[in-house]
Amino acid sequence: MGEKKILLDNAVNLNRRAFLGKSALGVGGLALGSLLGCNFYRKEGELVVKENNAMGIKGILNAPHHSAKVKRVIYLFQSGGPSQLELFDYKPLLNERRGEDLPESIRNGQRLTGMTSGQDKFPLVGSNFGWKQYGKNGTWISDLLPYMGKMVDDICIIKSMYTEAINHDPAVTFFQTGSQQPGRPSIGSWLSYGLGSENENLPAFTVLLSRGSGRPNGQPLYTRLWGNGFLHSLHQGVQFRAAKDPVLYLNDPKGVSKETKRTILDNLAALNEKQYKEFGDEEIQSRIAQYEMAYRMQTSVPEVMDTEKEPDYIYKMYGSDAKIPGTYAANCLLARRLAEQDVRFIQLYHMGWDQHDNLPAAIEKQAKDVDQASAALVADLKQRGMLEDTLVIWGGEFGRTNYSQGLLTDTNYGRDHHPRCFTMWLAGGGVKPGIVYGETDDFGYNIVDKPVHVHDFQATLLHLLGIDHERLTYKYQGRRFRLTDDEGHLEKDI
Amino acid sequence: MFFPLQMKLRKKPTLWVSVLLTLMVLSCKDKASEYTEIGDELALQQLPDSVDYSFHIKPILSDRCFACHGPDKNAIEAGLSLNSAEDAYAPLGENKDRHGIVPGDVENSEILKRIFTEDNGILMPPPESNLVLSEYEKALLKKWVAQGAQYKTHWAFIPPQPQAAPNIANDDWSQNEIDKFILKKMEEKGYHPSKKATKAQLLRRTFFSLTGLPPSVAQIDRFMNDTSTNAFEKVVDSLLNTVGYAEYMAADWMDVARYADTHGYQDDFERTMWPWRDWVIHAFDKNMPYDQFITYQLAGDLIPNPTKVSILATGFNRNHKITAVGCGNPGEYRIEYVEDRTNTFGTAFLGMTMECARCHDHKYDPLSQKEHFQLFSFFNSIDENGLMANAGEIPKPYMTITKDESEKILDFINMNRVESKDLAVMVMEEMPKPRETFILNRGVYDQPTDLVSPATPEAILPFPKELPQNRLGLARWLFQKDHPLTARVAVNRLWQRIFGKGLVESSDDFGNQGALPSHPELLDYMALKFMNEGWDIKDITKFMVLSATFQQSSAISPEMQEADPENTFLARATRIRLSAEMIRDQALQVSGLLNEEVGGPSVKPYQPEGIWEETTGGGGGTTATYVQSTGKDLYRKSLYTFWKRTVPPPSMMTFDAASRDLCTVKRQETNTPLQALVLLNDPQLIEAARALADKSVQSVGKNSDAQMRYIFQSATSRPPTNEELEVLQLFYRDAYAKTETGEFVPEEYLTIGEYEATAKIEAASLAALALTAHTILNLDETITKG
């Protein structure tokens, strides 16, 4: 935790002197936003106070490596592996050759998961759903996604994503941390570490979860996906929940009013201050400041979670689900509200995309969960002028096979995991709107143009935020780690 | 700014000492900001008289050069390796007319040309590497070359050397040899030891250091009133003989062993490894010598005359994560498990990061990919599956423990809450014929290349021919007399527990990229003492605690805050935030709620609703839904809290508990707003505050001052000052008054958690007292080992 901690401690220290002069009983009602280490930057090796620019946690980078296109990210993670073949990657050949075996020349040694490695046939299957062309380039989008279709000119679709992992846990972990094995910091933690926070009352990295209707008992998630790994725990993702405690342990105990809580904090600070006088340990000052941050979060979190006052037209945009806390639509609306508060990285996870069987029925429901709200989020950001400096990402951990897992019937089929190609889309600042990037073969099995590896995607994401992915590093156990491991190339044409 | 500019080197100091001072410059600087060039010009004037490879040069080479010019033979650029004298002095280029380094010849050493050039085309390190050398570092390299560019073996690979404790004139401070080493270094820096801690501070610090719990008010009184000269030693002896000591040691070992109650991937099914945990407690309780403790865990199945006890101990190597069918490829995951054992072995016992050599030769340490797989092969011969078939499967190999055995040979296993007749615990069991091990190309499971046989890294200590080529031989290798790492790594970690950080700060990395020892002679002294005196953990711990170094005050003067903010030179005691376990256990202890039962299946204390359910995919069986424990099980020590690896207990994670995904020997110590939220709002703490308030009334009656004193002293181990008492009284009265205005509602606040107070006082008084106790439990002092 070396660098970060020192920076933080010093920031706290510097400010302490200013603040102690003003307060008799410790902290009282002072606005202590800047106590968290915020208003400082390094100039010729000295920490310098930045005037009139209250921010939250200070990042390790004094300045971006290059000018940033966006300030914040909303990552709509579609957990389970959405089928690109039902949603974005139109392959009429698969309908023509429905039921025929996948040619070995196309499969070309691809490893299989435990679920289909026992199958002796791999019958090709096209989408059961219709397709339409949208936008100025006539981009094909599935009938499952009418709302996304209408906003196709605002997004950049990447059809040529690929990964190395073929199972959920390693694949999601790979996307979020750059490594298939658990233990590394996640993207949001890297950003918090590198760029810090621009909000003094909310964490820089927030997480929202929702459960899909396509497969209600789908793949699990793991709290390590928003973990800080070896970075300081100030950078961990904080889950905002639809439960009565929107952040774990946020609510005051029952029977304790705000005024009583304030009294507790004032007295705590007064007693801690005495300790500080006796022991001179700067950690004590830091702790007083953290209690104040916690206190502010008790107001700021419920405020941002309270969507009651959103006007009707907003609910019309996001759909009726947006009124039900904990749904994907409600989380999309929350994401916009968090973005308005300058939260750096807003990570949504929508579970339930793992359609091994009964795909047509399940994906229809699953797509309905996300179509309207995802499109509404982009439109809403745009109408507020926020799309220019926000990056929205939509996608899962891998794609799905072009052949049926299990029995192929006239109306039913399933698809297994497929790492070799899948689709994601991006929208917002620095991203070319309305384009389709990369191409897959007619079988929808292999990439034929502009492959984008997970690390490339991560490098590009960091680039848009003004970070050179090779230069944001953290030394741990003797090695300099970075999000993109030893790889990753910038996709300049996106 | 983190750069001790006043540093001045003496003439002809001993090797270790002389170079260390300058080393501090390097490491501190590195810490503040790797590439800010602060004070380089000033530092230039202070180049050491004699530049030392180990302490000055290698940290630079390793960090900035070795990635392309280091031990990894396959990654060497331009044919130049700076890893050894032989390589660095060798002729280069087509005509073999150039040399990376020409000893004593500054003009003709290519590396100097390259680092001092202004031509970006040939500059080293190359600009695109994002690595830079400071002016000071360049000057060091130049001087080193001028002085003959002498290479030396990495300090940690030279066996510990006997060290005589320094003789210090007029030393009326030292209690034992530790202090003489510490004092010597302090004198060199011009520092002085702090005054002795108060008896109360010392008692609290010692209780936490040895048992993870604070002393009770009665224990404090007894110690305060004991005026005998060996009063402190008596306390230390008695604490070392409590089972609490063993539990506290075990809590630490759980991180090393990445212990958990679930398998850790995907649906994260439950497993039964707690009988192994009970064995660990038992072993610490019996003060099993460290060599035996480790040998049992590595090879308890292979020792002569193995018993069910020694076999159970091998569960250590099965604590890694295991995945299930549908979630991976069996061949791939089996390799991951063996890798995990190999890496755990490296981190836990060697302080070396083995995983770096999985895909290629180690970039920084003399560890080849071949050696990685040779070590790997020791752990590769158990008959295990890559994937579990279902939630009910116990991944083989495993041992069964019958009820009968649990009453006899395995009687340390707590079977109180065990419903099934027999237990099955994963252990190690060698296959009749060892599995062949191959080097894996880039570490990929299905790309075997050359066949290798079990061996250990040459640079550390070659594997003696007479030892069996199995895990038993590997354990014996660790405890060879001339092993350079085992004792140092172990004693360093014990030091870290007691003093807050190791003599080698990077307790997880003794390699080239790790920190250098702050007190190398002391480290050797302690390592040899530990080794020569029977690997006695209690003895060496006692030795540390009885030192004057340990017994200093933790107050920090502004001068020392400036001079030694990290307390590297130990001119004071370090204030350390309590661990996740200690914070909760302390609250349970002081409130009288703590259930002191030892061992048994893990329990499920209070946890926010829904956090398992939110992330589950519906599978997972017993781990899909959190079924909270009730009654006394809510108050077990945190060592016994059920550990679901994919969703570990959030209140503990907030206080930097290790996730148990991988072997961890060093936790972070952070200070965050989420910690404040836990301490203020976790029902466990609120309930404990109420119980503590209740207990105070029962203990000291209705006198309000006496109650406050009792509560405050329970939590902080000292009585409050009058000033503090006044603040607390005002707070109490204010809280009481708020019960009348409705701002504070006793009927609600007093019903958090299961505990029912018994004191016969009105609800408003109890609530106000409980709120006061709650505030006291939140004090920085309360959650600090000061």
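B:Pro397 lies in the loop between β4 (387-388) and β5 (398-401) of chain B. The structure is a predicted model, in which local features need pLDDT of at least 70 and side-chain atom pairs count only at pLDDT 80 or more, while totals for chains, interfaces and linings use all residues. Residues are numbered from 1 along each chain as its sequence is written, and chains are lettered from A and ligands numbered from 1 in the order in which they are written.

How far does the predictor trust its result? The pLDDT is the predictor's confidence in each residue, from 0 to 100. For chain B its mean is 90, and 94% of the residues of the chain reach 70 or more. Over residues 1-42 of chain B, however, pLDDT stays under 50, and the model has 60 contacts beyond four places in sequence for this stretch. Two residues are in contact if their C-beta atoms, placed from the backbone, lie within 7 Å. For the complex, the predictor gives an ipTM of 0.86 and a pTM of 0.82.

Other backbone details of chain B may now be considered. Most residues other than glycine have a negative phi, and most peptide bonds are trans. A cis peptide bond also links B:Met124 to B:Pro125, with omega near -15°; B:Pro125 is found in the loop between α5 (110-116) and α6 (135-146) of chain B. B:Leu570, in the loop between α22 and β9 (576-577) of chain B, has a positive phi, near 55°, although the residue is not a glycine. Is B:Leu570 buried or exposed? A residue is buried if 20 or more other C-beta atoms lie within 10 Å of its own, exposed if 12 or fewer, and partly exposed in between, with C-beta atoms placed from the backbone. B:Leu570 counts as buried because it has 29 C-beta neighbours inside 10 Å. B:Asp656 likewise is not a glycine and has a positive phi, of about 70°. B:Asp656 belongs to the loop between α25 (650-654) and α26 of chain B, and it is partly exposed because 19 other C-beta atoms lie within 10 Å.

B:Asp422 is located in the loop between α17 (403-407) and β6 (423-426) of chain B. With 12 C-beta neighbours inside 10 Å, B:Asp422 counts as exposed. Leaving aside neighbours within four places in sequence, B:Asp422 is in contact with B:Thr400, B:Ile401 and B:Thr402. The C-alpha atoms of B:Asp422 and B:Ser406 are separated by 9.2 Å, and the two residues are 16 residues apart along the chain.

The next topic is a pair of helices. Two packed helices are described by the angle between their axes and the distance between the axes. In chain B, the axes of helix α19 (residues 486-499) and helix α20 (residues 520-532) come within 8 Å and cross at roughly 105°. The two helices α19(B) and α20(B) are therefore roughly perpendicular, a term for angles of 65 to 115 degrees. Among the residues that meet are B:Ala487 and B:Val491 in α19(B), and B:Leu523 and B:Phe530 in α20(B).

Attention now turns to chain A, which has 13 helices and 19 strands. Of its 494 residues, 60% are buried. In strand β3 (residues 72-78) of chain A, 7 of the 7 residues are buried. A:Arg72, A:Ile74, A:Leu76 and A:Gln78 point one way from β3(A), whereas A:Val73, A:Tyr75 and A:Phe77 point the other way. Strands pair if DSSP finds at least two bridges between them. β3(A) pairs in the parallel sense with strand β10 (residues 390-395) of chain A over 6 bridges, and A:Ile74 stands opposite A:Val392 in β10(A). β3(A) also runs parallel to strand β9 (residues 345-350) of chain A, joined by 6 bridges; here A:Tyr349 in β9(A) is the bridge partner of A:Phe77.

Finally, how do the two chains meet? In the model, 77 residues of chain B are in contact with 68 residues of chain A. The largest share of the side of chain B that touches chain A comes from α29(B), with 7 residues.

Terms used:
Helices (H or I, at least four residues) and strands (E, at least two) are DSSP runs, numbered from the N terminus. Axes are lines fitted to C-alpha atoms, for helices over the stretch in contact, and angles run from 0 to 180 degrees between N-to-C directions. Angles under 35 degrees count as roughly parallel, over 145 as roughly antiparallel, 65 to 115 as roughly perpendicular and the rest as oblique.
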